[in-house]
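Colleague: I am new to this one. Please show it to me, and then I will ask my questions.

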Amino acid sequence: MTDSSYSGGTGESATVRRLLMLLDRNERRWPAPIEHHRRIDSTNRRLKEWSRAGAPDRAVVIADEQTAGAGRRGRVWFSPPGNVYLSLLLRGDWAAERPFLVPLTGGVAVARALTQLGLRPRLKWPNDVLVGDRKIAGLLAESVMSPRGLDSIVLGAGVNVRLAPDFDSSSSIDRATTLRDEAGVVHDRLDVAATVLARMAECYDALARNESEEMLMEWRRFSVHWWGRLVEAYTGEKRVVGVMEDLGEQGELILRLQNGSMRKLYADEARRLRISAEDGR
Ligand code: BTN
């Protein structure tokens, strides 16, 4: 059993009330219910379930701790008490038309939030948030399908506020960091959550207004400075090596291969992006 407190208006938990107050301070009157759990398996899993039961656009699930936090590519996301774990529901035609842009836009939102909190975050394609070469946050977008097609997208974000996991050797980033390590102060977890949610609302409003090119431009500005460098990634067992040229309009990474042709890499096929050992610089 999870210890949960649901908020849909009256009878809000103290945590939800505080989060709503902090969102107000971030100039965001939150338009949908927020559900808070002290302990849950995964906020993404719970929000997908709630979405199928009719949760509205911008519904949020937030937890103090996750027992089975989901990471990309089936990995587990280390989720002890002390960090931020939240999921946001996105509905609307724009999400169905441009689902690939959802995780990248989430990265821009988290990068904006961390900048506001005094850090200099960088984005590593497709959706790692780094400070220096260490991972501080991760994003996981999952689709909820209906017989008519895509019903909604659940965007989950984990931000290391106080505790950093050890990554396993299958990850291309083997070092993690936290807001405490980088900013030298222990930020209030709910304050971080409110800042992230407010920036997400801002960025997804921009996507809904068709400002996807602006979001992609901002993603490029926050990106690690690997443009023009030789990188490698794996698609299945196949190693792909090429010069990192640009981001396509669907958020795909465009590589120039050694034979001069262009190769588009999509987030769901590629893993372990890193600078190649053959890179001259
Ligand atoms: C990654 O592997 O980099 C993505 C990690 C995403 C973790 C977050 S924590 C909140 C939300 N709920 C989950 O189960 N996963 C995401």
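Modeller: Here is a place to start: tryptophan 94 and tyrosine 204 are both buried. Keep in mind that this is a predicted model.

Colleague: How many aromatic pairs does a search of the whole structure find?

Modeller: The search covers the whole structure. Its count of aromatic pairs is 2.

Colleague: Are the rings of tryptophan 94 and tyrosine 204 stacked or tilted?

Modeller: The ring centres of tryptophan 94 and tyrosine 204 are 5.8 Å apart. Planes under 30 degrees apart count as stacked. The planes here meet at 25 degrees, so the pair is stacked.

Colleague: Which helices hold tryptophan 94 and tyrosine 204, and how many residues apart are they?

Modeller: Tryptophan 94 sits in helix α3, residues 93-97. Tyrosine 204 sits in helix α6, residues 189-208. The pair links distant parts of the chain, and the separation is 110 residues.

Colleague: Why is the pair of phenylalanine 100 and tyrosine 266 called tilted?

Modeller: The centres of the phenylalanine 100 and tyrosine 266 rings lie 6.0 Å apart. Planes under 30 degrees apart would be stacked and over 60 edge-to-face. The angle in this pair is 50 degrees, so the pair is tilted.

Colleague: Which parts of the chain does the pair of phenylalanine 100 and tyrosine 266 tie together?

Modeller: The pair ties together parts that are 166 residues apart in sequence. Phenylalanine 100 is in the loop between α3 and α4 (101-116). Tyrosine 266 is in the loop between β12 (262-265) and β13.

Colleague: Is phenylalanine 100 buried or partly exposed?

Modeller: Buried means under 20% relative accessible area, and exposed means over 50%. Phenylalanine 100 has 39%, so the class is partly exposed.

Colleague: Now the ligand. Which residues are the closest to the ligand?

Modeller: The ligand is surrounded by 19 residues. The closest are Ser42, Thr43, Ala70, Arg72 and Lys135.

Colleague: Which element gives the most residues to the shell around the ligand?

Modeller: At least two shell residues come from each of α2 (43-52), β4 (84-90), β7 (134-146) and β8. The element that gives the most, with 4 residues, is β7.

Colleague: What distance separates an oxygen atom of the ligand from a polar backbone atom of arginine 72?

Modeller: Alanine 70 also takes part: one of its backbone N or O atoms lies 2.7 Å from an oxygen atom of the ligand. For the polar backbone atom of arginine 72, the distance to a ligand oxygen is 2.7 Å.

Colleague: How much of the accessible area of the ligand does the protein cover?

Modeller: On its own, the ligand has 420 Å² of accessible area.

Colleague: Is asparagine 160 buried or exposed?

Modeller: Asparagine 160 sits in the loop between β8 (149-159) and α5 (179-183). The residues it touches include Trp77, Asn83 and Lys135. The relative accessible area of asparagine 160 is 1%, so this residue is buried.

Colleague: Which backbone oxygen does the side chain of asparagine 160 reach?

Modeller: The distance is 3.1 Å. The oxygen belongs to threonine 177.

Colleague: Which peptide bond is cis, from tryptophan 125 to which residue?

Modeller: Omega of this bond is near 0 degrees. The second residue lies in the loop between β5 (122-124) and β6 (128-131). That residue is proline 126.

Definitions and conventions:
Residues are numbered from 1 along each chain as its sequence is written. This is a predicted model: local features need pLDDT of at least 70, side-chain atom pairs count only at pLDDT 80 or more; totals for chains, interfaces and linings use all residues. Side-chain values use heavy atoms; hydrogens and water are left out. Buried means under 20% relative accessible area, exposed over 50%, partly exposed in between (1.4 Å probe, protein chains only). A polar contact is a pair of N or O atoms within 3.5 Å; within protein, one must be able to donate a hydrogen and the other to accept it, and residues adjacent in sequence count only if both atoms are side-chain atoms. Contact means heavy atoms within 4.5 Å. A residue is near a molecule or strand if one of its heavy atoms lies within 4 Å of it. Accessible areas come from the Shrake-Rupley method with a 1.4 Å probe; for residues, only the protein chains shown count as cover. Rings of Phe, Tyr and Trp (its six-membered ring) pair if their centres lie within 6.5 Å; planes under 30 degrees apart count as stacked, over 60 as edge-to-face and the rest as tilted. Lists of a residue's contacts leave out its neighbours within four places in sequence.
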